[in-house]
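I opened this notebook to record what I looked up in one structure. The entries run from the whole chain down to single residues.

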Amino acid sequence: MSTAKKVLLVVYAILAGLVLVQGDSVAGVWAMRLLAILIVIHLLETAVYFNLCKAAGGSLGKNLFNVFLFGVLHVNELKAAQLKN
């Protein structure tokens, strides 16, 4: 797993932690908004890059999940792998 993906997971964990711990505070509300925005964006990316995930080989579900979590970070890896073949 790349460093960028690890950093993104840490960001998700921090935002989720703020939502759980801070709840109704300003920080909690903004963390929830950011998570909601990220979810919508990554759902759109998953739909846009569905065919790329399908053509990449391997587990379609795993590729779609990785695109949902990491967005263009995973898409770039898929594209790089296709260029090698």
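The entries below follow the order in which I consulted the structure.

**Entry 1: the model and its fold**

I note at the outset that this is a predicted model. I looked up the secondary structure and found five helices and zero strands. Read from the N terminus, the order of elements is α-α-α-α-α. I then asked how the radius of gyration of the chain stands against the globule rule. The chain has a radius of gyration of 15 Å, whereas the rule gives 12 Å for 85 residues; the chain is therefore more spread out than a compact globule. For the extents, I read a C-alpha trace of about 50 × 25 × 15 Å along the principal axes.

**Entry 2: surface and burial**

I looked up the accessible surface of the chain, which is about 5700 Å². Carbon and sulfur atoms account for 71% of that surface. I recorded that 27% of the 85 residues count as buried. I also took the contacts between residues at least 6 apart in sequence: 46% of them join residues at least 24 apart.

**Entry 3: the salt bridge**

How many salt bridges does the chain hold? I found one. It pairs the side chains of Glu77 and Lys5, with 2.8 Å from N to O. The two partners come from distant parts of the chain, since Glu77 belongs to helix α5 (residues 72–84) and Lys5 to helix α1 (residues 3–22), 72 residues apart. Lys5 has a relative accessible area of 6%, which is under 20%, so I list Lys5 as buried. Glu77, at 35%, is partly exposed.

**Entry 4: Asn63**

I turned to Asn63, which is in helix α4 (residues 60–70). Is Asn63 buried or exposed? Its relative accessible area is 9%, so Asn63 is buried. I found a polar contact of 3.3 Å between the side chains of Asn63 and His74. Leaving aside residues up to four places away in sequence, I listed the residues that Asn63 touches as Cys53, Ala56, Gly57, His74 and Leu78.

**Entry 5: a nonpolar patch**

I looked for nonpolar side chains grouped at the surface. Leu34, Ile37 and Ile41 form such a patch, with about 260 Å² of accessible area together. I followed up Ile41, which is placed in helix α2 (residues 26–48). Ile41 has a relative accessible area of 40% and is partly exposed.

**Entry 6: Leu18 and its surroundings**

Leu18 is a residue of helix α1. I read a relative accessible area of 30% for Leu18, so the residue is partly exposed. Which residues does Leu18 touch, not counting those up to four places away in sequence? I listed Gly23, Ala27, Gly28 and Ala31. I also took the separation of Leu18 from Leu83, 65 residues along the chain, and found 40 Å between their C-alpha atoms.

**Entry 7: two further C-alpha separations**

I looked up Lys6, another entry from helix α1. With 48% relative accessibility, Lys6 is partly exposed. Lys6 and Phe70 are 64 residues apart in sequence, and I read 9.6 Å between their C-alpha atoms.

I did likewise for Val72, in helix α5. Val72 is partly exposed, with a relative accessible area of 40%. What separates the C-alpha atoms of Val72 and His42? I found 8.9 Å, for two residues 30 apart along the chain.

**Entry 8: summary for the file**

I close with the points I would look up again. The chain has five helices and zero strands, and its radius of gyration is well over the value from the globule rule. Its salt bridge joins Glu77 and Lys5. The patch of Leu34, Ile37 and Ile41 is on the surface.

Definitions and conventions. Residues numbered from 1 in each chain as written. Predicted model: local features only at pLDDT ≥ 70, side-chain atom pairs only at ≥ 80, totals over all residues. Heavy atoms only, no water. Patch = residues over 30% accessible without salt bridge, like charges linked within 9 Å, V, L, I, M, F, W, Y side chains within 5 Å. Areas by Shrake-Rupley, 256 points an atom, 1.4 Å probe, with all protein chains shown as cover. Salt bridge = Lys/Arg side-chain N within 4 Å of Asp/Glu carboxyl O. Helix = DSSP H or I, 4+ residues; strand = E, 2+ residues; numbered from the N terminus. Buried < 20%, exposed > 50% of the residue type's maximum accessible area, 1.4 Å probe, protein only. Rg over C-alpha atoms; globule rule 2.2 N^0.38 Å. Contact = heavy atoms within 4.5 Å. Polar contact = N/O pair within 3.5 Å; in protein donor to acceptor, adjacent residues only side chain to side chain.
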